[in-house]
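Here are my notes for when you open the model. Skim them with the viewer beside you.

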Amino acid sequence: MARSSDRRRDVTVADVARLAGVSKATASRALGNYGAVSETVRERVATAARELDYRPNELARSMNTGRSMSIGVVVGDIENGYFGLAMRGITDTARRAGYDVVLANTSESVEAEIDAVKVLLDKRVDGLIISPASAYETQHLHDARDTGRPIVLLDRRLPGLDVPSVEVDIAPAARAATTALIESGHRRIAFISALTTDGPEFTGLPLGVSSVTDRLEGMLQALGAAGLDVSADLIRFGAVSRETTRQIVRQLFELPDPPTAVLASDSVIALDVLLALRERGLTVPDEVSFVAFDDFSWAELIDPPLTIVSQPVHQVGVTAAEVLLLMLQGGRPATQRHTLVADLVNRGSTGRPRLSARAARPQDAG
């Protein structure tokens, strides 16, 4: 068994300085790329660092330069394909600029978000990209902004917090999806979301998460344009697990006048809703039309392929990183709200509604 004294000692700046024949202070400036150092000396130090396989102490470097060359990203649910693809865009862009990315997942909990932001600030990240869990509890984000570190909001915006946001203008596509269902004859259209900030059922807009507000706003616009009333009993929140989603689907389809179409707010919910429908013996689209927000790898593989509202999620991540990098370089974004466009992609999961028992009954005379 090897003794600890036999283990390789970490190479220090002093070791690099000794091999390069310069002072420790000069080696620090050359390695940290700050201060006045001639190109000849800088190359000599770099050569020594390579020969010794030197790895910089990032904490020490951040204390010397005031920069850690890292950014923190806080998302609500990394299992949600939206955030996974957005993270790919963020990390690809950040790494090309020489930045590391530190990820924190909150499970859409404000308490977890508060802790995550504190930890990332303690780690001296240079900036933050955050998908806030709630518009109702934001003091920690105001405090983070007041530290002077730049912040960019991902997928969501917060009234009263003067920082840039990068979002998808999804209300028009949500309206288009609902309009298509209405034109096919649907009048009872359900909406299911994992939202946890506003209770289990819909009481009005806006909501605690702007991206859900936008989805519902588009849906309600389409209903209003068609002269249809908003049925609050068909708008359900809290679909945070397979079991809660199963309960929501059961409640919806045990209503006296159940829905004939369902809009699922994201890809995770879409899968859970489809499983719950299958458990109840309901087929798509013969008995229930189905539309999901977000495109995902299995949407075209199932039978029938799903009609979806497609968002440029990777580009959302790229844009968020680009905006933050611009701010880290001292620049100012041209606008505070950066919006990308969503599209409705019609496939095979929607059709005309099956006649309900109520519609099939003969109308009373007179």
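The points below cover the sheet and then some salt bridges.

1. Housekeeping: this is a predicted model, where local features need pLDDT of at least 70, side-chain atom pairs count only at pLDDT 80 or more, and totals for chains, interfaces and linings use all residues. Numbering starts from 1 along each chain as its sequence is written, and side-chain values use heavy atoms, with hydrogens and water left out.

2. The open sheet has six strands, ordered E2-E1-E3-E4-E5-E11, with parallel pairing. Strands here are DSSP E runs of at least two residues, helices H or I runs of at least four, both numbered from the N terminus; pairing takes at least two DSSP bridges. At the edges sit E2 (100–105) and E11 (337–341), each pairing on one side only.

3. Inside that order, E4 (151–154) and E5 (165–169) run parallel and are joined by two bridges. Leucine 153 is opposite serine 165 in E5.

4. I get 20 salt bridges in the structure, counting a Lys or Arg side-chain nitrogen within 4 Å of an Asp or Glu carboxyl oxygen. One of them links arginine 157 to glutamate 167 at 2.6 Å, N to O. Arginine 157 is in the E4–E5 loop and glutamate 167 in E5, so the pair ties together parts 10 residues apart in sequence.

5. Glutamate 167 is buried, at 1% relative accessible area, while arginine 157 is partly exposed at 24% (buried is under 20%, exposed over 50%, partly exposed in between; 1.4 Å probe, protein chains only). Shared partners put Arg157, Glu167, Asp214 and Arg337 in one salt-bridge network.
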